[in-house]
Amino acid sequence: MKSAIQFNDVYYRIDNLPILKQITGSFYEGEITTLVGPSGAGKTTLLKLCNRLLSPQSGDIYINGKDIRDWDPIELRRNVGMALQSAPMIDGSVEQNLALPLELQGKHLSEHQAKDLLKDVGLSAELLQRNSKELSGGQRQKVSIARTLVNRPQILLLDEITSSLDQVSQKEIEELIIKINRKFGVTIVWITHNLQQAVDVGTYTWVMMAGEIIEAGKSDLLRSPSNDRVKQFVKGEWG
């Protein structure tokens, strides 16, 4: 299978504290890979390396076969979008929030484009003029995802985007991400603390602990892991 993101012996530390240790592996093109593991495992750091918010001390990262150091950072971030748990919004309308990525490039988002973006994430066009502060948590997250789609990224990085939502909203976001993956062929990497979500949404899963990949493969590995540390982790999460 073709790699969308490839890590070769990637090491990252803060001061003398190792955060990621010799990470080697691939996120496959057009697939959904979920990342699970305890807090402090290095999952968010790994995502930040994928769009050069951070840079490793050693090792190589390739995005669509191209060394990440050879990418223009702005162009890279258009191709590698990121959505966060907090779904940050500027103070203003939904339309203003959707237009932001293009405005930063000196471009304009038409009303027709804005309506299409909302349709892509299952929201009504009537929300365009709604103030972002008036949105529910689920609506905010959908608008945040729609905003990342403005640049039509090839890769989408998701960091705990449903952890603060109710179960109904969680399920809606899960279905939305699967739809985006299938409709646009976007490669998706999703950090989640919810093991059932990791299995339901992911085709592949990485289990990370203390800066290392402990086990990786098809997401069903979480139902019957082979590694003893992963068995203990899964037992603690699923009981």
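Helices (H or I, at least four residues) and strands (E, at least two) are DSSP runs, numbered from the N terminus. The model on screen is predicted, and local features are described where pLDDT is at least 70, side-chain atom pairs count only at pLDDT 80 or more, and totals for chains, interfaces and linings use all residues. Residues are numbered from 1 along each chain as its sequence is written, and side-chain values use heavy atoms, with hydrogens and water left out.

**Stop 1: the annotated range**

Select residues 5-234, which an unreviewed UniProt entry lists as "domain: ABC transporter"; the positions are given in the numbering used here, the feature name is shortened, and such annotations may be inferred rather than shown by experiment. Over this range the chain is 34% helix and 27% strand, with its end C-alpha atoms 26 Å apart.

**Stop 2**

Next, display the four strands that form an open antiparallel sheet in the order 2-1-4-5, where two strands are taken to pair if DSSP finds at least two bridges between them. Strand 2 (17-28) and strand 5 (66-67) are the edges, each pairing on one side only. Strands of a sheet pair through backbone hydrogen bonds, either parallel or antiparallel.

Zoom to strand 1 (residues 3-14), which is joined to strand 2 by eight antiparallel bridges, with valine 10 opposite isoleucine 23 of strand 2. The two strands make a hairpin with two residues between them, and aspartate 15 in that turn has a positive phi of about 55°. Strand 1 also runs antiparallel to strand 4 (residues 58-63), with five bridges between them, and there asparagine 8 faces aspartate 60.

**Stop 3**

Now select strand 8 (187-191). Five of its five residues are buried, so the strand is largely enclosed by the rest of the structure; buried means under 20% relative accessible area, exposed over 50%, and partly exposed in between, with a 1.4 Å probe and protein chains only. Thr187, Val189 and Ile191 point one way, whereas Ile188 and Trp190 point the other way. In a regular strand the side chains alternate between the two faces of the sheet.

Strand 3 (residues 32-36) runs parallel to strand 8 and is joined to it by four bridges, with isoleucine 32 opposite isoleucine 188. Strand 7 is likewise parallel to strand 8, through five bridges, and isoleucine 155 stands opposite threonine 187.

**Stop 4: the nonpolar cores**

Colour the largest nonpolar core, which has 33 residues, and in which Leu98, Ile145 and Ile177 have the most contacts inside it; such a core is a set of buried Ala, Val, Leu, Ile, Met, Phe, Trp, Tyr and Cys residues joined through side-chain atoms within 4.5 Å. Among the elements that give two or more residues to this core are helix 3 (94-103), helix 4 (111-120), helix 5 (137-148) and strand 7 (155-159). Apart from this core lies another of 27 residues, among them Phe7, Tyr12, Ile23 and Phe27.

Centre on isoleucine 145: leaving aside neighbours within four places in sequence, this residue is in contact (heavy atoms within 4.5 Å) with Ala83, Val121, Ile161, Ile173, Leu176, Ile177 and Ile180.

From there, move to glutamine 170 in helix 6 (residues 167-184), which counts as buried because its relative accessibility is 16%. Not counting residues up to four places away in sequence, glutamine 170 touches Thr162, Leu165, Asn194 and Gln197.

**Stop 5**

Select helix 1 (residues 43-50), where six of the eight residues are buried, so the helix is largely enclosed by the rest of the structure. The buried residues are Lys43, Thr45, Leu46, Leu47, Leu49 and Cys50.

Arginine 52, in the loop between helix 1 and strand 4, has a positive phi of about 65° although it is not a glycine, and is partly exposed at 26% relative accessible area. Then go to arginine 152, in the loop between helix 5 and strand 7: its phi is also positive, near 50°, and at 43% relative accessibility arginine 152 counts as partly exposed. Most residues other than glycine have a negative phi.

**Stop 6: the largest pocket**

Finish with Arg77, Met82, Pro101, Leu104 and Asn151, which are the closest to the centre of the largest pocket among its 20 lining residues. Strand 6 (80-84) is one of the elements that give two or more residues to this lining, and with five residues strand 6 provides the largest share. A pocket is found on a 1 Å grid over the protein atoms alone, as an open set of points where a 1.4 Å probe fits, with protein on both sides within 12 Å along at least five of seven lines, and lining residues have an atom within 4 Å of a point.
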